[in-house]
Amino acid sequence: MSAQAATYIVSSNADSGVGTLRTAIVSANANCQADTINFSSAMTITLTTALPAIKCAGLTIDATPWANPSTSMIPAGATVGHPAAAFPPIPRPGVVLTISSGVAGGNNGLNIQADNVTVRSLSIRGFDDGIRTQGDHTGIVIESNYVGLLETATDIAAAIPALNDRNCNGVHIVKTTNTAGTVGVTVRNNLIAYPNLRGVYVDGGGAWHVTDVTASQGNGKGFNLTLADNWIERTGEQPSTPSTLRSKCSTNAQGFAATSGGGIEIEDTTAPSLRITGNHLSGQPTLVSASSTVLNGSNGIEINQTRRSSLPNAPADGGSCTSCVISGNAISGYLNGIVTLAAQNSFFGLVASTSAANIMDDLTLSGNLVSGNLMGITYGGDKTAPTKASIVSDNLAKNNYAVGIALTGQNTSATGNIVQGNAVGILAGDLLSSLFARARNLSIFQNTVVDNTLSPPALVQGNAGVAVANAGTTTVISQNSISRNAGLGIDLLTSANVWGVTPNDNGDTDTGPNALMNKPVFHRKSDPAPGVVLRGRQVTFTGWARPGAALEFFLVSPDAADPSGFGEGLRYLCSGTAGTTTDPQPPNPNLSGEGEDNAAAGFSVSCTLPADVVPTADLVFSATATDTTAKVTSEFSQGRQVDQFIPNVRLTCTPNQLTDSTGQNGPANCTVSLEDGAVAPTELTVAFTPPPSGNPRYALSNCSSPVKIAAGASSALACTILANANDVAGDGDVTAAVSLDTPPANAGYALGTSTLDQVTIVNDDLPIIVLECDRLVVYDSPGSSNVAHCTARVSNGTAPANLAIGFTPPSGPYLRYTLSNCASPVTIPAGATSAMACTITATPNTDVGDGSVDVVLRLTEPGPNAGYLLGQPASITVTVADDDHPPPPIGIPTLGEWGGAGLSLALLALARRRLNGRRNDH
């Protein structure tokens, strides 16, 4: 019957016996399946001898059910990295593993020698290594453990165990070989505190470290390692009397005195995938001397490929870190916050070996907060020719006692970091020796290097923003913001490490850091082409530099210029070139104006000030020169205040619209002003053309050319315009235009973006519209009297613009009349007085007695922005009248009627007789 995975319950806190952790590990090693070890309750297990190593793959030791998720020793609101990210809480474990204080050294808490082992939520203290992994294994996970502190304390500061109850190393990872692409060891979300040596110690697996690895297996073997979100506190704290420290930590197996502990130390490894991210690391510095400030020989994160090269039986130098990332960590209180390729005894942690086998390529150091160390970040890449570049980017290195960022290898780029409050901001090379004569092709690009003004330790004599040390060091320093440092912004140190301005030399042939590249020189103020001319927002730099050099120009103010008068460079502005590489050098490379006098290596470069910079005569600028072939950059040039300021002048009228109603007719003030908030360096006389006078629609005052802008002022009144009040509708709008004249030569100003403005006088008298008809009665018989013409008319002038008049025509049916030209709206053209609204024509008929009908027309009420008002009448009625005569009435005649009728008949008979007589005559 095949074996199956089992679960072992630890129910006893005894050292050995039934239900103990020791028995559970022995059983799991015998079963050798994906077993689990759980605990029946919270407990403290005190050992008298070391536990057996974990030999079988897939084992999980999990005390999570007994951790208290509501309590964590991680401070509330804790953050790490740059920018700051919240650090996750780590629940306080309920299961404690420790060893009796009287037990000799050499014992480990848990010793993992198998694949896919997980250790979770234990508290482990008092051992040589709290947790140790050993051998060529993958898939190991160490998470959510408390390693090396008193778990009953209320916070980390109160959880300090006695020296003999601490671990030598919190987590010790000893690797030999590992297959590329596999997951090696993951150490995440652990609280590791108060180790006497190191928080996490990663060892490539030299033969002298473990008894079951032979020397033939070699050194510097590969592994994949992830160290993420661990809180590593107070590492490397040493006793005042070393003899009081437990013997296991007083010296290690190689005979090193235990004088250098660290947060995370990685030695003798090939790391195809190393990730150290989001960790908090805090050292426990001790005062070495009053002159060298604070350190205790430990490093926050150390990647060290050569440390044991001089030891007996040690393999050859070797090791690499390929595609490795150190990102988002917060590190303080160490000799070096982050150091790569550290030598054993170098004060600054730089490599002493010259072996080409020491490769530290393609390493990314980003987003770390490194503060309160002696050295912030020290990158010492391969000294010969690494195959890939490494990048130190977006870190915040502040308040380190010596150097914020030190670049000591080759092909390394420091980009986008903030380096603040250190003794030296960024160092290229080694301040102590000439070991790095071949530290070439460094790049310091777009960093902010500011306020590095600390009193430096004894080994650092200056407070440079960027310092380049050692002959042969080559560094391109480009587009950085470097300001307010106590020393030079950029300092090229001589071979004797002399701080301060390096004079230019004839031919620029001297040697030293960055080949002591000559700095640019601006022309004199008195030269025909002054060194710095500011025209409005455009600044033009003129001078000379090394022939063919790439130039960068910087704004120095509003920060004060360096006390030396050279640099610094608060804000990068623009780039240019200095002639061609075939141009001759000027005879005197330190003399302003030489480049102009003999036209050698001259430059004239213009750029535009940033939008938030006010152009004034007080601005100060500087420049650097870079030989792009040799990859070297100069110190900053001498700072130069503006030699000639020609401000831009503009014209603005406010308000630029008036109305011709009393109380709203002005005034409008037209002002001549300097653009961008600039002030006049001297009195400026500005000529302008005022509006024509005599216009009946406006009046002018204070309006004579030229106008003077006083020195130190930014504007002056040129003209005041007042609209003449009137109530005439339809007299339209007029403009009063003001313009700046073209300035004469040497006027001291130039025309800006607005040289013409005008004030519009708006006719605001609304036209009043009434409805009129030429006939109010029309008749239903043919003729001119049967047509009525109705119009919409402006009663108080003419239409100032085309007016669309709302109109409601008569409603049908139209039985007695017809309509024409009768649609809404009615448009009165601009300048006209009226427009036809409707034509009404009575339909002729002879129907007697059909009576009269009314035709009603109305103007509709205008909206608020119609541009007119309604007068009276706004509605009108046209009557269609019946003009046919009615027939005589039928009834009994009266006496008078009878008499009239008889007379009529007699007359009719007489008429007929006369007519008949005429007929007979014919």
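Predicted model: local features only at pLDDT ≥ 70, side-chain atom pairs only at ≥ 80, totals over all residues.
A salt bridge is counted here when a side-chain nitrogen of Lys or Arg lies within 4 Å of a carboxyl oxygen of Asp or Glu. Side chains of opposite charge can pair when their charged atoms come close.

Glu143, at 11% relative accessibility, counts as buried, whereas Arg188, at 35%, counts as partly exposed. These two residues also belong to a network of salt bridges in which Asp62 and Arg120 are linked with Glu143 and Arg188.

A second salt bridge joins Asp559 to Arg484, and here the closest N and O atoms are 3.2 Å apart. Asp559 sits in the loop between strand 50 (550–555) and strand 51 (571–577), while Arg484 sits in the loop between strand 45 (481–483) and strand 46 (490–492), so the pair connects parts that are 75 residues apart in sequence. Asp559 is buried, with a relative accessible area of 13%, and Arg484 is partly exposed, with a relative accessible area of 42%.

The side chains of Asp643 and Arg640 likewise meet in a salt bridge, at 2.8 Å from N to O. Asp643 is buried at a relative accessible area of 12%, and Arg640 counts as buried at 17% relative accessibility, since the cut-off for that class is under 20%.

Methods: Residues numbered from 1 in each chain as written. Heavy atoms only, no water. Buried < 20%, exposed > 50% of the residue type's maximum accessible area, 1.4 Å probe, protein only. Helix = DSSP H or I, 4+ residues; strand = E, 2+ residues; numbered from the N terminus.
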